[in-house]
Amino acid sequence: MIDCATIRDLLPLYVDDVLSKESKALISGHLATCESCKNEFAKMQSEFAKLPPNDGAKIDVLKSMKKKLFKKNVMVSLGSIAVLMVFALCFIKWVLLPQTSIPYENGLLRVEVSTTKVSRDANGYLMVITDPNSTIIDYVERGVIDIVSSRKTANRSSASVYLEENGERVQIAFVNFTESLLSKWEPGGETAYAVRIVEPQNSQVLAENGVDVEWEVFDRIEVYYINQQISEINAERDYVKLCNDGILIWSGSLD
Ligand SMILES: [Zn+2]
């Protein structure tokens with residue numbers, strides 16, 4: 001048997017008619033035999049009947065439930081948008097933007113020897129003519145070798161090694177072009193790049209002071225295309241391997 005205290009606890013739910021069949025039967029059984037609980041039930045029932053059907057308390061519960069549901073939907077939507085944005089950013093960063101090395105192919109680059117940027121003074125010294133459009137001289141170009149790509153590449157890089165070989169002064173330049181999936185569609189993208197061979201000595205200071213530079217002309221210059229990004233290599237240390245792995249594009253002297 002259930003005691004009266006438990007019955008009283010359950011009565012509001014009984015009045016509200018939200019109990020299970022079994023619980024209801026249990027309470028009906030008790031009410032049939034217990035006068036005091038029966039009175040309590042009658043009182044509760046009449047109070048409940050007095051409440052208007054659209055009782056404020058009932059509506060508030062409904063409203064707050066709707067609000068919660070709406071909030072939840074908004075949060076889910078915002079969450080989805082955030083996830084999509086993260087995916088989009090990852091796609092751009094890891095798929096569209098990464099620069100990959102362009103494998104060598106015939107005609108990918110050619111070497112042009114020009115003397116337009118260098119002239120000799122009366123003493124036979126080479127004189128530097130820097131870019132007239134540039135106010136900053138960040139380096140001085142020898143300006144005698146242009147390495148040009150006909151392909152629309154996004155980036156190019158180069159590194160040079162200067163060494164003596166069998167009594168010859170040799171300059172070895174390594175060149176690499178990279179592109180991304182976006183390179184082809186980049187507005188205003190260049191279709192060719194020129195890579196200049198840069199004098200290794202402190203020509204910046206000399207140029208800034210307006211001093212004519214006596215260039216040390218190399219006996220031989222070699223230009224290699226390598227199938228990896230220059231930033232990943234140490235040309236000074238790895239030049240023998242790079243020469244072996246690379247493709248010799250041009251070899252000659254400037255005289
Ligand atoms: Zn009772």
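**Notes on the predicted model**

1. His30, Leu31 and Thr33 in α2 meet Glu35, Cys37, Lys38 and Phe41 in α3. Sorted by class, this contact of α2 with α3 has three nonpolar, two polar and two charged residues.

2. The axes of α2 and α3, the latter spanning residues 35-50, come within 6 Å and cross at roughly 115 degrees. With that angle, α2 is roughly perpendicular to α3. The crossing of α2 and α3 is left-handed.

3. Helix α2 also packs against α1. Helix α1 covers residues 4-16 and helix α2 covers residues 21-33; their axes lie 11 Å apart, at an angle of about 120 degrees. Are α1 and α2 perpendicular or oblique to each other? Angles of 65 to 115 degrees count as roughly perpendicular, and at about 120 degrees the pair α1 and α2 is therefore oblique. The crossing of α1 and α2 is left-handed.

4. The residues that form the contact of α1 with α2 may be listed. From α1 come Cys4, Ile7, Leu10, Leu11 and Tyr14, and these meet Lys24, Ile27, Ser28, His30 and Leu31 in α2. By class, the contact has seven nonpolar, two polar and one charged residues.

5. The loop between α1 and α2 contains Asp17. Asp17 is not a glycine, yet its phi is positive, at about 60 degrees. Most residues other than glycine have a negative phi. A positive phi is found as well at Asn166, near 50 degrees. Asn166 sits in the loop between β6 and β7, and its relative accessibility of 78% places it among exposed residues.

6. The chain as a whole has six helices and ten strands. Of its 255 residues, 29% are buried. Among contacts with a separation of 6 or more, 76% are between residues 24 or more positions apart.

7. Which residues have the most contacts inside the largest nonpolar core? They are Val161, Ile172, Phe174, Ile226, Ile230, Ile233 and Ala235, in a core of 13 residues. At least two residues of this core are supplied by each of β6 (155-165), β7 (168-179) and α6 (235-245). Apart from this core lies another, of twelve residues, including Val111, Val175, Ile221 and Val223.

8. Ile230 deserves a separate remark. Beyond residues up to four places away in sequence, Ile230 touches Ser157, Ser158, Ala159, Phe174, Val175 and Asn176. Of these, Phe174 is named in the largest core, while Val175 belongs to the other core.

9. Ser101 lies in strand β1, residues 100-101. Is Ser101 buried or partly exposed? Its relative accessible area is 23%, so Ser101 is partly exposed; buried would require under 20%. Neighbours within four places aside, Ser101 is in contact with Asn176, Phe177, Thr178, Ile226, Asn227, Gln228 and Gln229. Ser101 and Ser180 are 79 residues apart in sequence, and their C-alpha atoms are 8.8 Å apart in space.

Methods: Residues are numbered from 1 along each chain as its sequence is written. This is a predicted model: local features need pLDDT of at least 70, side-chain atom pairs count only at pLDDT 80 or more; totals for chains, interfaces and linings use all residues. Side-chain values use heavy atoms; hydrogens and water are left out. A nonpolar core is a set of buried Ala, Val, Leu, Ile, Met, Phe, Trp, Tyr and Cys residues joined through side-chain atoms within 4.5 Å. Buried means under 20% relative accessible area, exposed over 50%, partly exposed in between (1.4 Å probe, protein chains only). Helices (H or I, at least four residues) and strands (E, at least two) are DSSP runs, numbered from the N terminus. Contact means heavy atoms within 4.5 Å. Axes are lines fitted to C-alpha atoms, for helices over the stretch in contact, and angles run from 0 to 180 degrees between N-to-C directions. Angles under 35 degrees count as roughly parallel, over 145 as roughly antiparallel, 65 to 115 as roughly perpendicular and the rest as oblique. A crossing is left-handed if the near helix is turned anticlockwise from the far one by less than a right angle, and right-handed if clockwise. Ala, Val, Leu, Ile, Met, Phe, Trp, Tyr, Cys and Pro count as nonpolar, Asp, Glu, Lys and Arg as charged, and the others, Gly among them, as polar.
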